[in-house]
Amino acid sequence: MRKNFGSKSWMYPLPVLIVAAYDSEGRPNVMNAAWGGIFTDNTIGICLSEGHKTTQNILASHAFTVSFATAGCLTACDYVGIVSGNKEPDKFAKAGFHALKSEFVNAPLIEELPVALECELLSYDHESCYMTARIVNVSASEEVLGDDGRIDPSKAGFVAFDPVNSAYLALGAKVGTAFSDGKALK
């Protein structure tokens, strides 16, 4: 038996994306966004309302970073989703974040969040609020790298958003090997 819920914007897992950009005076701003993901091989797509300060900064600078929320920074990551940069000009600092200038785009990396996409804006649709961007670089703090030099999700402490229950869920435990486990059924 299944229960029907009708049309909902429920998808699992939803990433908790922390989007950051500089304003015209070089001050970083940041917001929490759940509606985004990979669009093509080297592009991402995110739905960001035009009224957000971060969105305005991105439209002006054509650059931003997308970091992934972690359990260790959950309070700060939630804070930047519930407080508007239009009302709190020091939101980035009040979250306890420290900005590092990206080497690749004119946007801030967040020192406390270990993995980030550094992006150049490609397009923004004012009607749907859908933004696409080219991923110029992916950077990761050394403390989340495994012995093989790759990102180790179990070290990063990534979280996902549960839209049904308004909760954050821990990610990271390996449960299988992609492009391999299914071979058992061949």
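**Close-up views of a predicted model**

**View 1. C129 in the loop between β9 and β10.** C129 is placed in the loop that runs between β9 (115–125) and β10 (130–140). The model shown here and in the other views is a predicted one. Phi of C129 is near 65°, which is a positive value in a residue other than glycine. Most residues other than glycine have a negative phi. Is C129 buried or exposed? With a relative accessible area of 17%, C129 is buried, because buried means under 20%.

**View 2. H62 in the loop between α1 and β6.** The loop that holds H62 lies between α1 (53–61) and β6 (63–68). H62 is a residue other than glycine with a positive phi, near 60°. The relative accessible area of H62 is 44%, so this residue is partly exposed.

**View 3. The cis peptide bond from Y12 to P13.** Omega of the peptide bond from Y12 to P13 is near -20°, and the bond is cis. Most peptide bonds are trans. P13 lies in the segment before β1 (14–15). Y12 also belongs to a nonpolar patch on the surface, the subject of the next view.

**View 4. A nonpolar patch on the surface.** The patch is formed by F5, W10, Y12, V164 and L169. Together these residues have about 470 Å² of accessible area. V164 sits in the loop between β11 (159–162) and β12 (167–170). At 34% relative accessible area, V164 is partly exposed.

**View 5. The open sheet of seven strands.** The strand order is β3-β2-β6-β9-β10-β5-β4, and the pairing is antiparallel. Which strands stand at the edges? β3 (28–33) and β4 (36–40) do, each with a single partner strand, so one side of each is left without a neighbour in the sheet. From one strand to the next, the twist averages 35°. The strands of a sheet pair through backbone hydrogen bonds.

**View 6. The pairing of β4 with β5.** β4 and strand β5 (residues 43–47) run antiparallel and are joined by four bridges. Within this view, G37 stands opposite G45 in β5.

**View 7. Salt bridges around R27.** D23, E25, R27 and K53 are linked in a network of salt bridges. R27 forms a salt bridge with D23, where the closest N and O atoms are 3.0 Å apart. For the salt bridge of E25 with R27, the closest N and O atoms are 2.7 Å apart.

**View 8. The salt bridge of K94 with E88.** How many salt bridges does a search of the whole structure find? The search finds five, including one that K94 forms with E88. The closest N and O atoms of K94 and E88 are 3.2 Å apart. K94 counts as exposed, at 54% relative accessibility, whereas E88 is buried, with a relative accessible area of 16%.

View 9. Over residues 9–154, the chain is 16% helix and 40% strand. The end C-alpha atoms of this stretch are 28 Å apart.

Notes
Residues numbered from 1 in each chain as written. Predicted model: local features only at pLDDT ≥ 70, side-chain atom pairs only at ≥ 80, totals over all residues. Heavy atoms only, no water. Helix = DSSP H or I, 4+ residues; strand = E, 2+ residues; numbered from the N terminus. Patch = residues over 30% accessible without salt bridge, like charges linked within 9 Å, V, L, I, M, F, W, Y side chains within 5 Å. Areas by Shrake-Rupley, 256 points an atom, 1.4 Å probe, with all protein chains shown as cover. Salt bridge = Lys/Arg side-chain N within 4 Å of Asp/Glu carboxyl O. Buried < 20%, exposed > 50% of the residue type's maximum accessible area, 1.4 Å probe, protein only. Pairing = 2+ DSSP bridges. Axes fitted to C-alpha atoms, helices over the stretch in contact; angles between N-to-C directions.
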